[in-house]
Amino acid sequence: MKLSGAVVDISKVDTRFLRKLARELGSSNLSKCFQCGVCVASCPVRWIEAEFNPRRIMKLAKLGLKDLVLQNDFIWLCSMCFMCQERCPQDVRPPEVMTVLRNIAAEEGIAPPNLMKLVDMLSENGRVYPIDDFIEDERADKGLPEVVAKPDFIMKIAEAGK
Amino acid sequence: MKYAVFLGCTIPSRQINYEQSSRAVAKSLGIELVDVGFGCCGFPIEPIDQVKAISMAAMNLKKGEEARLDVVALCPACGEMLMKAADILGKDETTVKNVNNLLSKHVGSEYRGENPRVIHFARMLYEDFGTDKIKNLVKHPLTGLKIATHPGCHYVRPSSLNEGFDDPEFPHSLDELVEATGAESVDYINKNYCCGGSILAVREGVAKAMARKKLEVLTEVGVDALVLICPFCGIMYDRYQKLMNTELERKFNIPILYYPQLLGIALGIDPEELGFDVNSISVSGLLEKVGV
């Protein structure tokens, strides 16, 4: 089913998904969403990509239609600019809802591979972009101070539970 | 004035022009920046695992508190992540429990409410140092330069984490900082729109189209440079401008400067110390125009 148009099949409600959303801080105001569409009107991604519709994502999530919410990459298209969060009359905080939905998708192994790789980068290097010999030389040439190349506390946290 | 400087991952490896110019400007203004061994803020993996992301931020907050210094972040996303983590850890017991389970098991540490003041470098210049003092220290006024500012997203939003600072929809502090150099800050239509950087890894085409939209508007308006304060915005508008110039028929030529690079020129700092060699779009025309 396409994630557009008004009709949805509510027989597919996932109650565990709904309970999870109710428990998480980031989605605690989702039930207040009254579908005004201010989020869509404020969205810089929507300006470019008409397929992206945060209002509809809020609606499907609020109804507990997990499969529809997660079936394509729409939840990953929010750029986290927080403009809708500033304007939402119901304090739904759509970017924070997106983070909750993304964490659920990642737990199920359906996050974009490029983003999953970041966790591996952090467990290997403690940094998203490693400080290699080339960069160390460039920094030294410019008189920049040494930085901790591999912060071990970050590596340990990234590695946890893997 | 003394701060613990938070560089994050992107700046010290991929946008060292931002770091170099920030350190040069701080030195010139008598602001001491101390490195206290911070690591990744956690922001890059927040979409994958928020508990891990907040745990990373929590460890960094502890380091800031241990140093007994305010934390100055060059990257607005790092700053926002640290502030958000302190906020969530201050009000959500479940998160505190999850974070401390992880930290005690894997790092041998615990978060105990450490909450140093965290602000962005530009906010520090604006609020703690002050634009009047900057104006008095300008040796080389940039009169005649038409500058567009790109405040970006996390510098002022969400406003719940930035109470009392600037306007979340129409921020003006960066414009005032630009005008303190003698340059003119020019208004334009999509000034407060996101650069697209955060979805580059998901859909590159959409991210590039977002960046292109602003470059198109600025070409119409006619500006000498776009000034910004975020490494992701820098990559989108500078590196990707150059990349798009190889892909598109329409060529853009809008120099992208980090604010400390612009301020550095006005303070009379040698351009060699401001990292212009790292900029993808040449700034030589602009330097010529201001006579340095």
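In this predicted model, helix H4 (residues 76–91) and helix H5 (residues 93–106) of chain B pack at about 110°, and their axes lie 5 Å apart. Axes are lines fitted to C-alpha atoms, for helices over the stretch in contact, and angles run from 0 to 180 degrees between N-to-C directions. H4(B) is therefore roughly perpendicular to H5(B). Angles of 65 to 115 degrees count as roughly perpendicular, under 35 as roughly parallel, over 145 as roughly antiparallel, and the rest as oblique. Helices (H or I, at least four residues) and strands (E, at least two) are DSSP runs, numbered from the N terminus. Ile88(B), Leu89(B) and Lys91(B) of H4(B) meet Glu93(B), Thr95(B), Val96(B) and Val99(B) of H5(B); contact means heavy atoms within 4.5 Å. The residues of this contact divide into 4 nonpolar, 1 polar and 2 charged. Ala, Val, Leu, Ile, Met, Phe, Trp, Tyr, Cys and Pro count as nonpolar, Asp, Glu, Lys and Arg as charged, and the others, Gly among them, as polar.

Residues are numbered from 1 along each chain as its sequence is written, and chains are lettered from A and ligands numbered from 1 in the order in which they are written. Because the model is predicted, local features need pLDDT of at least 70 and side-chain atom pairs count only at pLDDT 80 or more, while totals for chains, interfaces and linings use all residues; side-chain values use heavy atoms, with hydrogens and water left out.

In chain A, helix H7 (residues 94–107) packs with helix H1 (residues 15–23) at an angle of about 130°, with the axes 11 Å apart. H1(A) is therefore oblique to H7(A). The crossing of H1(A) and H7(A) is right-handed. A crossing is right-handed if the near helix is turned clockwise from the far one by less than a right angle, and left-handed if anticlockwise. Phe17(A), Lys20(A) and Leu21(A) of H1(A) make the contact with Val100(A), Leu101(A), Ile104(A) and Glu107(A) of H7(A). By class, the contact of H1(A) with H7(A) has 5 nonpolar, no polar and 2 charged residues.

H4(A) also packs with H7(A): the axes come within 11 Å and cross at roughly 55°. H4(A) is thus oblique to H7(A). The crossing of H4(A) and H7(A) is left-handed. Pro54(A), Ile57(A), Met58(A) and Ala61(A) in H4(A) meet Pro94(A), Val97(A), Met98(A) and Leu101(A) in H7(A). The contact of H4(A) with H7(A) has 8 nonpolar residues, no polar and no charged.

The model holds 4 cavities of 30 Å³ or more. On a 1 Å grid over the protein atoms alone, a cavity is a set of points where a 1.4 Å probe fits but cannot get out, and lining residues have an atom within 4 Å of a point. Grid points are joined across faces, edges and corners, and a volume is the space filled by probe spheres set on the points. The largest cavity has a volume of about 120 Å³. It is lined by 15 residues, and the closest to its centre are Cys33(A), Cys36(A), Cys39(A), Cys88(A) and Val92(A). Helix H2 (38–41) and helix H4 (54–62) of chain A each supply at least two lining residues. The lining of the largest cavity divides into 11 nonpolar, 3 polar and 1 charged.

The second largest cavity holds about 100 Å³. Of its 16 lining residues, the closest to the centre are Cys43(A), Phe52(A), Cys78(A), Cys81(A) and Cys84(A). Helix H3 (44–48), helix H6 (83–87) and H7 of chain A each give two or more residues to this lining. H7(A) gives the most, with 3 residues. The lining of the second largest cavity has 14 nonpolar, 2 polar and no charged residues.

Two backbone features remain. Phe82(A) has a positive phi of about 70°, although it is not a glycine. Phe82(A) sits in the loop between helix H5 (66–70) and H6 of chain A. In chain B, a cis peptide bond joins Arg157(B) and Pro158(B), with omega about -5°. Pro158(B) lies in the loop between strand E5 (146–150) and helix H8 (173–179).

Key:
1 Å grid on protein atoms, 1.4 Å probe; cavity = no way out; pocket = protein on both sides within 12 Å on 5 of 7 lines; lining within 4 Å.
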